[in-house]
Structure formats: structure tokens, C-alpha cells
Amino acid sequence: MMKGAIGAGVGRSGNLPAWLRSREAGVLLALVLLVLFFSVTTSTFLTSLNLLNVLRQVSVVGIITLAMTILIISQEFDLSVGSMYAVVGIVVATLFNGGMSIWMASLAGLALAAAMGLVNGVLTVRGGIPSFIVTLGMMMVYRGVALLISGGSPASVRLPAFFYSITGSRLWGAIPAPALWFVIMAVAAYFLLHVTGFGFKAFAVGGNREAARLAGINTGRVKVIGFILTATAAGLAATISLSYLGSATPTQGQGMELQAIAGAVIGGASLMGGVGSIVGGFMGAIIMGIVRNGLVLLGVSAYLQELILGLVVIVAVLIGHYSTQQRR
């Protein structure tokens, strides 16, 4: 009888459309339930002004989350993105204040970020050292670089109007430019991961590295590219942040690496590699922002907010792990 009941349950699940049985459907359901909950319990959550503010708040770490999702799928992660974010912000501000055009300073910042990602990737792949150890050490190295360059002081900038209008302002008087960058980067990341051959290789390397190697995939190159993409995303996020805040500090970005990893995991990416999606990472970043915003509107203390966010991440990991085990 029990066997028959189980069989009936599997049959009903099998009749559902594929997208309803996907991880993204579960993440979307969680997002809808959170929106409904905070809409009922607060009077200001479901307003256009608040929702646009949430989008702007999640956009900076969201851009990093998208790239981190790709890196996690290839079975690696980067704990130094918060420190890279600080280094690039300080470097761009210093170069601009020294007389360089903001465009050249921004390109220099992105190139520096890519170089830092290359260092992390080469040390991990060529050195045969776990990325946890490499990026933990480089997190302290890059933070020290930011402190040395800035002398421990914040750097303020007054950017040209056109640059500010496309990176830090509100377009058409309402839509935050950082949110638009977040959406653009999500589309680009989706194309890279789910349409191109590189995305196929990232899934193959994360799912079974030895099998991918035997299939002729240069697994080390795929991982190094993942590190470079993640670092460059941190550099872009730093430049956008510098634009709308008008300043950079050597201590900024602390904890950002954990937020990016948490967003990717909430979105369905498995830390075991080979599982995840850009759509999930996009929604995971938004869920993190909505939970934080909703708790603020409910008047929850800052200490309790961190506790609740931590529990959300743990629950997401447990659900993701259980789901992965069921699929295998």
C-alpha cells in the first residue's frame, strides 16, 4: 500500500511541467511568499519607492552574486571579493582625483580586479591549494593593499555628470541606474552560463572534474576564468558604488563575500558544484535584500536581523542539499 502511495506521488510530480519541478520554481515561490508576508505585515513595503530602493540596495552585491554563482557551479568560491571591492574603489577614486579621466580610471580598476582574480585562480589551480585557503589569505592581503593605498582614510570624488547619470543616478527620475546594471549583467551572465560552451564546461567541471578532464576540457582554465569573472564583477560593483555614494573607504565591502555566496546558495547553487543557475542567483540576491528590508520595516533589531538571515541561509542550504540527494 505504501509502495502504491509513493508511486502515485511520483506520478503526480511527473505530470507537472518541467519548470515547476525546477529549483528556480521553489526559489520563486519563496520570493512570492516573502513579498506577500511583508506586504501584509507592513504598510510601506509594497510601494514603488520602497521596491526601487530594495533593487538599488541589492544591485551592488547582486552583480557579484551572479558571477559567484558561476564560480560555485565550477566547484570553487572566492572569499576575497569584499576586499577587492575596497581596493578597486580606492584605486579608481585615487586615479580620478590625481587627474585621470573617470573612464580610464574605471578601466584601470576593472583591469586590476581581473588581475587579482587571475592571481586567486592561478594560486588555486596551479598551487593545488583549496580556494577557501587561497582566497581567505588574499582577502587579508587585498584589505591591507586598500589600507596602504588610502592611508586608512576615505576618498571622496565629484564625478562628471554624464558618468554619474549612467552609473549612480535615477534614470527617468525613478529607476536606479545600479539596478539597471544588475539586470544587464544578469542577462549577460545568463547568456554566458546557459548558452555558450563555457557554461557547459563550468557545469561539467563542477559536476565531475575527472570526467570533464577525460572529455578534453581544460578544467584549470575554466576555474581560472571563473575567478577572473568574479573579481571583475567585484570591480564593476565597486565603480558603481563609488558613483552613487561619491566616496570609497578601505574598510568597505566587509562581509560582502558571504552575502554573495549566500545569495547564490539561496538561489539553488550547490557548494558541491555542478548545480545552479543565473535566474536562481538573481532571485537569491533579491530575497536577501527583501528579507533585510522587510525586517527593517518591521522594526527588528540589527542583531536579530543577522541571526534571521543566517537561519535563512542554513535552511536554503539544507533544502538544496536534500533536493540534490533526491535528484541523484
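Which helix is Leu36 found in? Leu36 sits in helix H2, which runs over residues 23–41. The close-ups below all come from a predicted model.

**Figure 1. A nonpolar surface patch that includes Leu36.** To get your bearings, Leu36 belongs to H2.

**Figure 2. H4 alongside H6.** Two packed helices are described by the angle between their axes and the distance between the axes. Here, the axes of H4 and helix H6 (residues 131–150) come within 8 Å and cross at roughly 20°. Angles under 35 degrees count as roughly parallel, so H4 and H6 get that label. The crossing is left-handed. On the H4 side, the residues in contact are Gly82, Ser83, Met84, Ala86, Val87, Ile90, Val91 and Thr94. H6 meets them with Met139, Tyr142, Arg143, Val145, Ala146, Ile149 and Ser150.

**Figure 3. H12 crossing H13.** Helix H12 covers residues 256–266 and helix H13 covers residues 278–297. Their axes come within 7 Å and cross at roughly 120°, which makes H12 oblique to H13. This crossing is right-handed. From H12, look for Gln259, Ala262, Gly263 and Ile266. They meet a set of H13 residues: Gly280, Gly281, Gly284, Ala285, Ile287 and Met288.

**Figure 4. H8 against H13.** H13 turns up again here, now with helix H8 (residues 177–194). The two axes come within 9 Å and cross at roughly 150°. Since angles over 145 degrees count as roughly antiparallel, that is how H8 lies relative to H13. H8 brings Phe182, Val183, Ala186, Ala189, Tyr190, Leu193 and His194 to the contact. H13 supplies Ile278, Val279, Phe282, Ala285 and Ile286. Keep an eye on Ala285: it touches H8 here, and it is also among the H13 residues that meet H12.

**Figure 5. The Lys223–Glu76 salt bridge.** Side chains of opposite charge can pair when their charged atoms come close. In this view, the closest N and O atoms of Lys223 and Glu76 are 2.9 Å apart. A search of the whole structure turns up 3 salt bridges.

Methods:
Residues numbered from 1 in each chain as written. Predicted model: local features only at pLDDT ≥ 70, side-chain atom pairs only at ≥ 80, totals over all residues. Heavy atoms only, no water. Patch = residues over 30% accessible without salt bridge, like charges linked within 9 Å, V, L, I, M, F, W, Y side chains within 5 Å. Areas by Shrake-Rupley, 256 points an atom, 1.4 Å probe, with all protein chains shown as cover. Salt bridge = Lys/Arg side-chain N within 4 Å of Asp/Glu carboxyl O. Helix = DSSP H or I, 4+ residues; strand = E, 2+ residues; numbered from the N terminus. Axes fitted to C-alpha atoms, helices over the stretch in contact; angles between N-to-C directions. Parallel < 35°, antiparallel > 145°, perpendicular 65-115°, else oblique. Left-handed = near helix turned anticlockwise from the far one by under 90°. Contact = heavy atoms within 4.5 Å.
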